[in-house]
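User: I'd like to talk through the charged pairs and the chain contact in this one. Can you put it up?

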Amino acid sequence: MLEDGDGILVQRCRGGDRRAFEALVLRYQKPVFNAALRMLRNPEDARDVAQTVFLKVYEHLADYDPNFRFYSWIYRIAVNESINMLGRRRHHEPIVGDEADDSVGPEGNVDGQQVGLGIQRALMTLKPDYRSVIVLRHLLDCSYQDMAEILDLPEKTVKSRLFAARQLLAEALRRGGVT
Amino acid sequence: MLDEKCLELLHAEIDGELSAAARAELSRRLLVSAEARALREDLRRACAELDRLPMAEPPAELRQHILGSPRVAIARNGTARTGGRWFRAVPVMRYAAVFVGGLLVSALAFEASRGLTGRGVEDVAGTMASAPVASRMAAGTLRVDLPELRGTLSFQPSARELLVRFEPDAAQPAGAHSAGSTEVVVARGEREVHLKGFAAPQQAEGGPGFAVTLPGPVAEGEVVAVRILASGVLVHEDQWRAPGAG
């Protein structure tokens with residue numbers, strides 16, 4: 001995972017350098033948007049969450065603890081905001097299940113698209129806590145240590161959560177005929 | 001039912017974290033357990049599919065929405081959280097701000113009432129007809145003081161048009177993204193004009209700076225939107241309001 005320069009950019013950002021913030025946005029908009037997309041499935045919601053994440057980062061830079069890696073901090077905000085969005089959706093929308101937005105991601109050819117949609121459907125059957133560990137590990141390529149930092153959990157708990165999530169996902173994929 | 005150790009080995013294999021000894025242990029367990037073999041296959045397939053999922057491109061407008069957000073602009077214009085917190089935390093500063101604010105409001109109210117009711121000699125001399133609204137209006141200015149660009153934007157309304165002039169400061173911010181890549185966009189309703197090329201000083205008719213006219217009489221209280229772009233990205237928004245309306 002690329003981390004070089006984040007600390008310097010954050011420092012410049014704190015000093016009022018807007019270009020530094022723009023560089024952080026450029027660097028992290030893709031992973032943050034994709035994390036939200038896989039958590040939520042809906043591209044509009046994912047865009048809103050990504051926007052909120054960066055605005056929170058900007059407004060709370062003074063609170064950022066440089067002892068932590070910047071990506072851990074921003075991914076933590078992304079996961080939390082995605083879970084918040086799921087909560088808001090539950091309160092404001094009827095449960096629509098699988099007919100929700102399927103226009104997820106650029107899954108290339110038709111077969112690839114079917115598999116991609118199948119995986120996204122299977123992901124949505126998982127509880128958000130399980131979904132988030134899958135997203136962090138398999139999409140954002142985080143280590144167990146990163147995940148522990150992001151989720152503020154002991155590494156052991158992260159491992160057991162990820163193991164359970166993978167098994168549930170494998171079952172869902174098998175049931176859905178994807179694997 | 002697989003035990004915890006077996007599950008740990010299966011997941012460690014997927015994560016590529018098996019030592020030689022652990023690999024041997026896993027092989028031994030796979031030999032004797034059909035359940036372990038089946039789960040291993042399921043997990044490997046599922047994880048392979050997950051790892052093949054492509055990353056989607058974020059919407060093109062996402063970056064602009066973030067950087068153009070008033071929340072970013074406000075924090076940037078000197079009311080960042082820490083400063084604001086300090087300011088609000090000191091009672092004397094709060095009272096001083098209220099006092100100064102009160103003075104400003106009074107002064108503005110006075111000026112506005114003069115604009116509405118009072119009329120200068122030059123407005124009535126030589127004619128009994130009512131002067132066009134715009135002719136009574138004073139020019140206004142907006143100060144641009146950004147890390148990308150510094151200067152003064154002035155608005156000169158007349159009976160036929162609005163003259164907008166931007167005068168860049170002699171000393172501009174240093175760096176690749178400074179004055180040369182910035183532009184000032186002025187919008188009246190649907191019509192907007194762009195002022196740019198500030199790196200090369202030029203003379204506009206009637207004075208220094210960069211000038212442009214927006215046709216049509218200026219109504220009292222009309223709002224003219226101003227946006228500053230740096231390398232095509234919105235970095236600041238402001239507005240000028242023609243005097244004379246409440």
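User: How many salt bridges does the rule count over all chains?
Analyst: This is a predicted model, where local features need pLDDT of at least 70, side-chain atom pairs count only at pLDDT 80 or more, and totals for chains, interfaces and linings use all residues. Side-chain values use heavy atoms, with hydrogens and water left out. A salt bridge here is a side-chain nitrogen of Lys or Arg within 4 Å of a carboxyl oxygen of Asp or Glu. Over all chains, that rule gives 22.

User: Which residue forms a salt bridge with A:Asp6?
Analyst: A:Asp6 is buried (under 20% relative accessible area, with exposed over 50%, partly exposed in between, 1.4 Å probe, protein chains only). Its relative accessible area is 1%. The closest N and O atoms of the pair are 2.4 Å apart, and the partner is A:Arg27.

User: What is the N to O distance between A:Glu44 and A:Arg47?
Analyst: A:Glu44 is partly exposed at 46% relative accessibility, whereas A:Arg47 is buried at 17%. The N to O distance in the A:Glu44 and A:Arg47 bridge is 3.7 Å.

User: How many salt bridges does the rule find across the interface of chain B and chain A?
Analyst: Contact (heavy atoms within 4.5 Å) involves 43 residues of chain B and 43 residues of chain A. One of the bridges across it pairs A:Arg174 with B:Asp42 at 2.1 Å, N to O. The interface count is 6.

Technical notes: Residues are numbered from 1 along each chain as its sequence is written. Chains are lettered from A and ligands numbered from 1 in the order in which they are written.
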